[in-house]
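Let's take a friendly walk through this protein and its ligand. Have a look at the model first, and then we can go through the details together.

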Amino acid sequence: MIESSPGISTTAQVVEELRARPAFVMVSHVKPDGDTLGAGLALGLALKKLGKRVHYFQQDPVPRNLRFLPDSEFVSRAIPPDLPPNALYVFCDMSDWRRAGEFLPPMTRENMLDIDHHLGNSLFGKLNYVLEKECSTGTAVMHLLRELKVPMDRDIATCILTTIMTDTGGFMHSNASPEALELAAELMRAGANKEEITEEIFLKKRVAATKLLGRIIDAMKFGHDNRYCYSYVNDAMLAQTGADGEDTEDTVNVLRGQDGVEVAALFKAIEGEIRVSLRSNGRVNVQAAAKRLGGGGHFRASGLTFVGPLDRAFVEVDAALVAEGL
Ligand code: AMP
Ligand code: MN
Ligand code: MN
């Protein structure tokens, strides 16, 4: 059903393209998470098994909590100068190629493959394997690997299970469907290390991160009859706690979890940029709200980059959420 949607490529078409190309650059989005990186590493590891040349491009460094992922040591901002002209750039987990950042060299659509599960993907690739019902981009990759007939191994399984656990919030979000859990079980049987993923991504916290969380909680504000909770983090708060941008990951979920809160926003005013993370309990569509301000994402989890002062960001995000029914 999904595979016959206009503009969406079939599994067979993508596999044919993967078989035809000799070299690949897996591309992840800026501020990378376990889905964008895990999906690219999984496909890269599999393509290497088929004898293909594989590189990994990511503008930002690998976050501390993802350095356990196999092949993550090869991820870099550099593109090798001797790539063949028909190298395929595989964009994982982004609704538009611009999310890869400004360091990615220009390329033609002919050399772009788009693998994603976001709502409103701009279908920017030669082929667009966009499966909105998948819980992660990594499970879309898993469907490709089946058709490619690459045997699952422990490393590939760990990468894909990381994508599932990242995007379902450790199986807590509504996208942790029966299908997602079945795929996760299959990956565990193939040797994926769930304990390690849980420890690295969900349990381990730097003391500085916990102190920063305290500051963010201190700064919480409520609106719309306490259905909306928002807070912020700025450079001064990072300096005072010794934390950095990576330590803000997931704190927005704490805001969303407060009693009665339907929508939460965390405003991250860091290094001259304001990035806003939005989360919803499922009533208000925060993807639509983010889109009003040039961002995107999913129904219950979205984000945007705001250009302007923080006070203005508070006002405009509030208005966008109200326009979507907050
Ligand atoms: P985050 O709050 O950064 O965890 O992002 C939540 C979701 O929103 C993810 O699916 C992101 O890919 C998406 N997202 C975050 N920032 C942006 C942005 N500036 N533009 C488009 N999508 C975004
Ligand atoms: Mn992502
Ligand atoms: Mn994702």
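How much area do domain 1 and domain 2 bury between them?

## About the model

This is a predicted model, in which local features need pLDDT of at least 70, side-chain atom pairs count only at pLDDT 80 or more, and totals for chains, interfaces and linings use all residues. Residues are numbered from 1 along each chain as its sequence is written, chains are lettered from A and ligands numbered from 1 in the order in which they are written, and side-chain values use heavy atoms, with hydrogens and water left out.

## Two domains and their interface

An automatic or database domain assignment sets the bounds, giving domain 1 (11–202) and domain 2 (207–323). Taken over C-alpha atoms, their centres are 26 Å apart.

To return to the opening question, the two domains bury about 960 Å² between them, with 42% of it on carbon and sulfur atoms. Buried area here is the accessible area (1.4 Å probe) that two parts lose on being put together, summed over both. On the domain 1 side, Lys31, Arg64 and Leu119 supply 47% of the area buried against domain 2, more than any other three residues. Counted as contacts (heavy atoms within 4.5 Å), nine residues of domain 1 meet nine residues of domain 2.

## Around ligand 1

Ligand 1 is surrounded by 13 residues, each with a heavy atom within 4 Å of the ligand. The closest are His118, Ser277, Arg279, Ser302 and Gly303. The shell divides into two nonpolar residues, nine polar and two charged; Ala, Val, Leu, Ile, Met, Phe, Trp, Tyr, Cys and Pro count as nonpolar, Asp, Glu, Lys and Arg as charged, and the others, Gly among them, as polar.

Which atoms lie by the ligand's oxygens? A polar side-chain atom of Ser277 lies 2.6 Å from an oxygen atom of ligand 1, and one of Arg99 lies 3.2 Å from an oxygen atom of the ligand.

Terms used
Polar contact = N/O pair within 3.5 Å; in protein donor to acceptor, adjacent residues only side chain to side chain.
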